[in-house]
Amino acid sequence: MIENPAVPSAVLLRVLLSAEDEQLRRAFRAAPGLPRDVVEVMLVHPDQGVRAAVAANPYIDAEQRGRLVHDRRRVVLANLFGCRTHPDGEPRPLPDAAYEAFFAARQWANVAREDQPWDELRLLEAMNRCASMPHRLRQALARHPQPGLRRFAARFVGGLSAEDRAALLTDPDPDVRAEAREVVEDDAEIYAGIDIDWNPENWGHSWVFSSRLVEREAMERVVRGEDCPGHYRSALAGNPHLPPDLVAVLARDEDPYVRDRVSLRPELTEEERAAIDYRVPELTDLDEVAWYPYPARSQSPVDYARSAHPVRRRQAACAPGLPQDLRDALLGDPDPGVRVLTCRHQPGVPAEDLLRAYREFRGRHRWRLTCRPGFPTRGLARFADDPDPAMRELVVLDPQAPAAVVVGLLADPERCVRTTLARHPAVPVDDCSRCWTIPNSRRTPPATRPSRSRRCTESWTRRASRAGGDGRCRGSTGWLRVCSGIRRCRGRLCYGR
């Protein structure tokens, strides 16, 4: 009911103010289209859980959510600066003034020291990890008048510009200078003599071989595959410090994952790339391009868009600000992954291309395409009899769908279709309960289906193995550490929606 756009504001406020169930209040965190008057009431609600729901809701206007920067509750600020993005996958950053007000309202004299309050330091770390925070604000911390914030920025001096890096290294505050110099020395360290774990049974130090400058002897040992974990070679294949002669050896490696990673090295010419026996993996996740190396700074997305390698063209499809002629060329690309990722990331895509991409793509996060601007909403009732359950779910987006068609889908054999169509404004209230009473159809018996957590862990572990990272599950909440980053796994991620 909360997600139904036909529900009046008075009803939503009555549910909100009378709700004692925390689970019901959490439903407001992901409710799209909440009226502004309901949001205004939630912003000043005495219950911190209600305010946290506003802070975490990616559908709510950033200007409204930004007013919570003055909230004194950690749970509210943690949700406000968390990494939740809009369902279309694009970040919705708070206004710059909101971040500036947050920094100005606090004293950061002891930040990054042991006596700094844990909550304050964790908030800064969460903000730095958040993809929605503009990079220019991270750079601004290096020039902030408060030394504590400059010292925190020194922790990530490697990602700053040369001017900001030099300013931190010569900062008048001794603590800032010491922090910056320590980080620079660590980043510049050549891992000579490091106690590398060569046990073939362990994950070991794949992160070292993926990005760091290591001794030539260690590189040759990995290339030869002598008494070392096999995934070290796939990690080394993407190392920017790998000598050309070892690159040529790995280009002929027997492991296809190694050859795939070598084929994506930015310094290779198109002729050298074509000589490698690489594979083009099927796109199974709208965010899967993050598993490949990012475009080199020395090359523009145009070079990637014109490459003969489909994966490089997929990377170009994810780059912001592509010219319209290149975008149109990628929309007609022979590789389905390129077409889908172009629809996922590029603005101004025609409605028919968005609908075609949704029909063609069957992988994870498929539903995000329906959140893209311009996705069609008229005439979707014609998919009520489509054999694909995800296509039948599109009927919920059609405001002119006949009530008989919508009510008929409440008896659909797939529960995902029934629960989705229950949000349609044309559904009578008395019929909403029908979607819960019909047994769900299963393609395989429940006893033979792997659990959701097992399917998820196996999927991410396979991907981490290809990337040379660590896909071990971290706790029951579904957090997985993969390579050097952290990916959050939700239940929806494990299904082909």
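I count a charge as sitting over a ring if NZ of Lys or CZ of Arg is within 6 Å of the ring centre and within 35 degrees of the ring normal. I looked up Tyr304 on that basis: Arg312 lies over its face, at 4.0 Å from the ring centre.

This is a predicted model, so I note that local features need pLDDT of at least 70, side-chain atom pairs count only at pLDDT 80 or more, and totals for chains, interfaces and linings use all residues. Residues are numbered from 1 along each chain as its sequence is written, and side-chain values use heavy atoms, with hydrogens and water left out.

Next, aromatic pairs. I searched the whole structure and found five. Rings of Phe, Tyr and Trp (its six-membered ring) pair if their centres lie within 6.5 Å; planes under 30 degrees apart are stacked, over 60 edge-to-face, the rest tilted.

I looked at Phe81 and Tyr99. The pair is tilted, at 5.9 Å centre to centre and 35° between the planes. Phe81 is in the loop between helix H6 (74-80) and helix H7 (96-104), and Tyr99 is in H7, 18 residues apart. Helices are DSSP runs (H or I, at least four residues), numbered from the N terminus. Phe81 is buried at 2% relative accessibility (under 20% relative accessible area, 1.4 Å probe, protein chains only). Tyr99 is buried too, at 3%. Phe81, Tyr99, Phe102 and Phe103 form one aromatic cluster.

Then Tyr358 and Phe375. I note centres 6.0 Å apart and planes at 75°, so this pair is edge-to-face. Tyr358 is buried at 4% relative accessibility, and Phe375 is buried at 8%. Arg366 lies over the face of Tyr358, at 4.6 Å from the ring centre.

Technical notes. Helix = DSSP H or I, 4+ residues; strand = E, 2+ residues; numbered from the N terminus. Buried < 20%, exposed > 50% of the residue type's maximum accessible area, 1.4 Å probe, protein only.
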